[in-house]
Amino acid sequence: MFVQFLRANKLFNGEHFLPENTVLVLENNGTLKDIILDTETDVLNIKTLEGIITPGFVNAHCHLELSHLKSIIPTHTGLVEFAKQIIINRNKISKEEIFEYQQQADKNMYEAGIIAVGDICNTTDSFSTKQKSNIYYHNFIELLGLNPTNAITNFDKGLQLLNELKNTGLIGSLAPHAPYSTSNELINKIVDYNLKYINCSTIHNQESEEETKFFMGEKNDFEKLYQFLNLDISWFYAQKTTSLQYYYPFLKNQNTILVHNTVTTQQDIEFTNNQTTFWCFCPNANLYIENKLPNFKLFKNLQNNICFGTDSLASNWDLNLISEANVILKNTPTFNIETILKFMTLNGAKALTISDKFGSFIKGKNVGLNLISTNNNQLTFTKKIA
Ligand SMILES: [Zn+2]
């Protein structure tokens, strides 16, 4: 079989930069055959690229099924108004048009070097796009229901959608939407199920101050959302803790990706277990919705547990992991480029429990290879190599 010997100014293997004399041996179908030293082959065989070669990027949080809401919802509305706008706008166009937008978004992600995605599903809308996609999707079937008396009914609805997903040959697990929309009883059922099947889940965590206020029993905007949804929450009794500290014990030892973490505190972080918890940042979505970023400094010592997501096109200008990385590089000195690249690759793969397939240079696998460059502490995507 035809093989290619590739090197670049730098090779990033998912964890760190490799020594300068390292060469990748690639089969023509993109499979990584070997990693060798430049002395092990004739120098004339080696092609040298300008930039950094990395494994394909892993987008740990996306909602492909909201792709048709690009540019529909205004920026900086705050989370409650944003959620209302999603509900009002999501079914305004036909299923065929929704499908077209998803096809385009899936193609754009692949061309931007994304090889694997953790994607939220509330419906079957995105399944056919994913069946034909070049991207690997882990599908999170999202469950909602704040009233504990409905936990069984809501769980069964989710399970039905998960079975429909499995019937199409796609892979997934169950996930609670957010602490302010999912009861601990429902979270408990989801976790027990996942621990028996695929131990991987996610939850939108601490995305706004309003969420904290709701759980602290202070006046908050969520009341407006529940009014809009016609939900009676008079039975709800605030425990006067942050949301994370309220629901976290119910996650038990489920591998869970906590998404957003905009108002997470040091005390919250100390409350969690770093064997099973991944912190996923979607900085562009935070800027889009709340115009606020998490306090990245707090996460300084969690460099093995951080990954990135794009969220949806309803709350982002693009589904592009390089853009997310650049927001963080621009806004905090806490993480250097080598660490940021790890968040984009290996950590995302670990978070989705697919590090045997993606996120690093794995011999015998096509992990998707990207060529990027750096300038002024910002990343630029050059091209997809494999
Ligand atoms: Zn989301």
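A salt bridge here is a side-chain nitrogen of Lys or Arg within 4 Å of a carboxyl oxygen of Asp or Glu. The model is predicted, so local features need pLDDT of at least 70 and side-chain atom pairs count only at pLDDT 80 or more, while totals for chains, interfaces and linings use all residues. Residues are numbered from 1 along each chain as its sequence is written, and side-chain values use heavy atoms, with hydrogens and water left out.

Q: How many salt bridges does the rule find across the interface of domain 1 and domain 2?
A: The chain is divided into domain 1 (1–55 + 359–386) and domain 2 (57–355), with bounds from an automatic or database domain assignment. Lys342 forms a salt bridge with Glu15, the closest N and O atoms being 3.8 Å apart. Across the interface of the two domains, the number of salt bridges found is one.

Q: Is Lys342 buried or exposed?
A: Buried means under 20% relative accessible area, exposed over 50%, and partly exposed in between (1.4 Å probe, protein chains only). Lys342 lies in helix 12, where helices (H or I, at least four residues) and strands (E, at least two) are DSSP runs numbered from the N terminus. Seven of the eight residues of helix 12 (residues 337–344) are buried, so this helix is largely enclosed by the rest of the structure. With a relative accessibility of 10%, Lys342 counts as buried.

Q: How many residues apart in sequence are the parts that Lys363 and Asp34 tie together?
A: The closest N and O atoms of the salt bridge between Lys363 and Asp34 are 3.2 Å apart. Lys363 lies in the loop between helix 13 (346–351) and strand 13, and Asp34 in strand 3 (residues 32–37), so the pair ties together parts whose separation in sequence is 329 residues.

Q: Which helix holds both Lys84 and Glu81?
A: The side chains of Lys84 and Glu81 meet in a salt bridge (3.7 Å, N to O). Lys84 is buried at 19% relative accessible area, whereas Glu81 is partly exposed at 29%. The two are three residues apart, about one turn, and both lie in helix 1 (residues 79–89).
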